[in-house]
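Here is a friendly walk through a structure that may be new to you. Please keep the view open and follow the points one at a time.

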Amino acid sequence: MTQTFAKTDQQKMAVALKPVLAETVQLYVLTQNVHWNVTGPLFQAVHTLTEAQYTELAAAIDEIAERIRTLGEKAPGRMSSYMKLGTIAEGDEEASAGDMVQSLVDANQIVATRIRPLIGEAAEAGDEVTAGLLTDRLTVHEKAGWMLRAMLG
Ligand SMILES: [Fe+2]
């Protein structure tokens with residue numbers, strides 16, 4: 001594999017991807033928590049949407065981690081690392097359906113906000129692959145935010 005951008009930039013991008021990985025894992029767990037524990041009239045809609053979302057997130061977690069490895073850094077693989085690197089709060093199994101959906105809106109927003117400035121940084125560093133990966137991830141989180149917000153009316 002050929003890397004056409006500087007080694008220091010490769011490392012910088014890999015380090016920047018670590019919190020993205022951590023927060024994608026945190027969002028994955030939060031999404032499953034909602035999938036399992038949501039109750040009330042929104043149950044079926046939320047249960048179905050969250051299954052599609054956590055399935056997509058599982059594939060993304062692998063892709064982000066393997067990009068970190070491709071760039072030469074070890075991929076954080078411990079829950080304790082995710083808790084340190086990520087900022088998404090854990091879910092509440094007893095929350096109302098509305099609060100659960102809102103927590104997913106907020107969590108998708110956190111990941112999107114983290115990703116957005118990194119796309120330009122990656123492109124500037126000549127790392128088009130990471131820029132592309134992050135653009136794809138931003139698209140997913142913005143769309144998820146829309147679908148979840150739409151559910152709240
Ligand atoms: Fe399920």
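1. The crossing of α4 and α5 is left-handed; a crossing is called left-handed if the near helix is turned anticlockwise from the far one by less than a right angle, and right-handed if clockwise. The axes of α4 and helix α5 (residues 128–152) come within 8 Å and cross at roughly 155°. Axes here are lines fitted to C-alpha atoms, for helices over the stretch in contact, and angles run from 0 to 180 degrees between N-to-C directions. α4 and α5 are therefore roughly antiparallel to each other (angles under 35 degrees count as roughly parallel, over 145 as roughly antiparallel, 65 to 115 as roughly perpendicular and the rest as oblique). The residues in the contact of α4 with α5 comprise 17 nonpolar, 8 polar and 5 charged. For these classes, Ala, Val, Leu, Ile, Met, Phe, Trp, Tyr, Cys and Pro count as nonpolar, Asp, Glu, Lys and Arg as charged, and the others, Gly among them, as polar.

2. A word on what you are looking at. This is a predicted model, in which local features need pLDDT of at least 70 and side-chain atom pairs count only at pLDDT 80 or more, while totals for chains, interfaces and linings use all residues. Residues are numbered from 1 along each chain as its sequence is written.

3. What pattern does the protein follow, read along the sequence? The pattern is α-α-α-α-α, with 5 helices and 0 strands in the protein. Both kinds of element are DSSP runs numbered from the N terminus: helices are H or I of at least four residues, strands E of at least two. The radius of gyration is 16 Å, close to the 15 Å that the globule rule gives for 153 residues, so the protein is as compact as a globular protein of that length. That radius is taken over C-alpha atoms, and the globule rule is 2.2 Å times the number of residues to the power 0.38. Along the principal axes, the C-alpha atoms fill a box of roughly 55 × 30 × 20 Å.

4. Next, α1 and α4. Helix α1 (residues 7–37) packs against helix α4 (residues 97–124) at an angle of about 165°, with the axes 10 Å apart. That makes α1 roughly antiparallel to α4. α1 passes α4 in a left-handed crossing. The contact includes M13, A16, P19 and V20 of α1, and M100, S103, L104 and A107 of α4. Two residues are in contact if their C-beta atoms, placed from the backbone, lie within 7 Å. By class, the residues of the contact of α1 with α4 are 15 nonpolar, 4 polar and 3 charged.

5. Now turn to α2 and α5. The axes of helix α2 (residues 43–70) and α5 come within 12 Å and cross at roughly 165°. α2 and α5 are therefore roughly antiparallel to each other, and α2 passes α5 in a left-handed crossing. On the α2 side the contact includes A45, V46, L49 and A60, and on the α5 side R137, V140 and A144 are among its residues. The contact of α2 with α5 has 9 nonpolar, 2 polar and 4 charged residues.

6. Is R137 buried or exposed? R137 is buried, with 23 other C-beta atoms within 10 Å. A residue is buried if 20 or more other C-beta atoms lie within 10 Å of its own, exposed if 12 or fewer, and partly exposed in between, with C-beta atoms placed from the backbone. R137 sits in helix α5, and, leaving aside neighbours within four places in sequence, is in contact with A60 and I115. The C-alpha atoms of R137 and A60 are separated by 7.9 Å, although the two are 77 residues apart along the chain.

7. T135 is also in helix α5, and with 16 C-beta neighbours inside 10 Å, T135 counts as partly exposed. Over the protein, buried residues make up 35% of the 153 residues.

8. E93 lies in the loop between α3 (79–85) and α4 and counts as exposed, with 11 C-beta neighbours inside 10 Å. Not counting residues up to four places away in sequence, E93 touches N33 and N37. G126, in the loop between α4 and α5, is partly exposed, with 16 other C-beta atoms within 10 Å.
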